[in-house]
Amino acid sequence: MKVSKIQIRNLYGIKEYEAGSASVELEGKNGVGKTSVIDAIRYALTNKSDREYIVRTGETEGEILIETDSGVRINRKARTNQADYKSVKQNGREVGSPESFLRELFTPLQLSPVEFMEMDEKKQNAIILDMIQYDWDLQKIKEWFGEIPDWVSYDQNILSVLDDIQSEKGEYFQRRQDINRDIRNKRAFIEDIASAIPAGYDAEHWKNENLGSLYREIETIRKQNAEINRAKQIIEERDSKCRKFEAEKEIGLAALDRELAAERERLGKENERLKAQLAENERALAGMDERRQDKASVIEQKYETDIAKYDALVEEYRAQADEEIELTSELEEKAAYAEKMKAHLNEYDRMVSLQEEVEELQEETNSLTAKITKARELPGEILQTAQIPIKGLTVKDGIPLINGLPVSNLSEGEKLDLCINVAIQKPNGLQIILIDGVEKLSTDLRNELYRKCKEKGLQFIATRTTDDDCLTVTEL
């Protein structure tokens, strides 16, 4: 779609201006109206103006009319005393939503393409990536990644979105780093624990090992051994015990003899002193042997009883005394080993728990790696099916490359070519470019810019500041 007619009246500093489909360069000093032509066309297309006053000083209405070879007619009037007027027709009929309709006819850079060359590389890259036509929405993001990453801005092109998703500053990458660090730490803990646990450690066996039963068995044997030793001791001590009993007998008899001797002496003296009682004392003396015999019998009986009781005890333990002492050292070693093995159970369980955590973390980091890899591979897949508006455009790590080079590495001529390609993103739109201030470019670059516009079949309206006092319009 090309412009076939432009008419401007009383807009900005312009009294009358008319042009056709030719490309022109507007020359003259500042203030002669060069930029006013550019601004008027921008106003017609966007209904916007950076200037405070749109209508020419002293007038009440300004107007611009643009017609194209495809039947589009744009008529916009700015008024000081009443509401502005606009009419956007296509093939003689008013279009609905005229401002939206107009926005579909051009790109912002068509109205100032040289601005692209003055932008920083990041903004240039964003604009180039925006040119790649690929239908996508948040549902597609969710299909690709199982979620909609919340740290990404979705008001940018899909390739920039994917670059942000896989970026080292992105949450996937950062979270994977954190998880991998956690995995390394847990694996180090696992290795430390494993180094302290015996090789071939059977945790299930030691969990089921009944130490109480083992210790009860040891205690039973110890008690039996004590009884055997007690039996042996009783048997071994029989002779000494018998000697003890015999000594007690002899001591008892000796004590008895001393007692009777003392009493005999006393009674003898008593007999001498108490002649009157002689007969009675004689009777007592006569019964003394009988008394001794009775008491001696009691002493002998006690001796025999004690011997019999102890012999009975000996007989009771004799069979047990013949039993072999059972050694508990092996059981004690087994119990000590079991105690040692059971002491590892808590650390073993901790190690198993850490291993399970590592497996879960590994699954998560693998999932994150898959998402990062997906975000890195998708641009290549997208570029295979997407409509690429610029010849030689590829994308690597989210950076657009022109014939394998980033924008900053292009020559001035290549940048001009790119500038035009970027400006004309709508091949079926309005084929016009507005270039304000071409005097900023060298003569060679300016001529190259014009040549490229003609080569692409673009109409351009350029302004160049010169020393001329009047506005000069040169068709190119």
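Strands β8 and β9 form a hairpin with two residues between them, and Asp397 in the turn has a positive phi of about 55°. The model is predicted, so that local features need pLDDT of at least 70 and side-chain atom pairs count only at pLDDT 80 or more, whereas totals for chains, interfaces and linings use all residues. Residues are numbered from 1 along each chain as its sequence is written, and side-chain values use heavy atoms, with hydrogens and water left out.

Strand β8 (residues 393-396) runs antiparallel to β9 (residues 399-402), to which four bridges join it, and Val395 stands opposite Pro400 of β9.

Helix α6 (residues 158-166) packs against helix α14 (residues 345-385) at an angle of about 160°, their axes lying 8 Å apart. This angle makes α6 roughly antiparallel to α14 (over 145 degrees). The contact (heavy atoms within 4.5 Å) involves Ile158, Leu159, Leu162, Ile165 and Gln166 of α6, together with residues of α14 including Ile372, Ala375 and Arg376. By class, ten nonpolar, one polar and one charged residues make up the contact of α6 with α14.

Helices α15 (residues 412-423) and α16 (residues 443-455) pack at an angle of about 40°, with axes 10 Å apart. In this pair, Glu412, Gly413, Leu416, Asp417 and Ile420 of α15 meet Leu445, Glu448, Leu449, Lys452 and Cys453 of α16, and the residues of this contact divide into five nonpolar, one polar and four charged.

How values were computed. Axes fitted to C-alpha atoms, helices over the stretch in contact; angles between N-to-C directions. Nonpolar A, V, L, I, M, F, W, Y, C, P; charged D, E, K, R; others polar. Pairing = 2+ DSSP bridges. Parallel < 35°, antiparallel > 145°, perpendicular 65-115°, else oblique.
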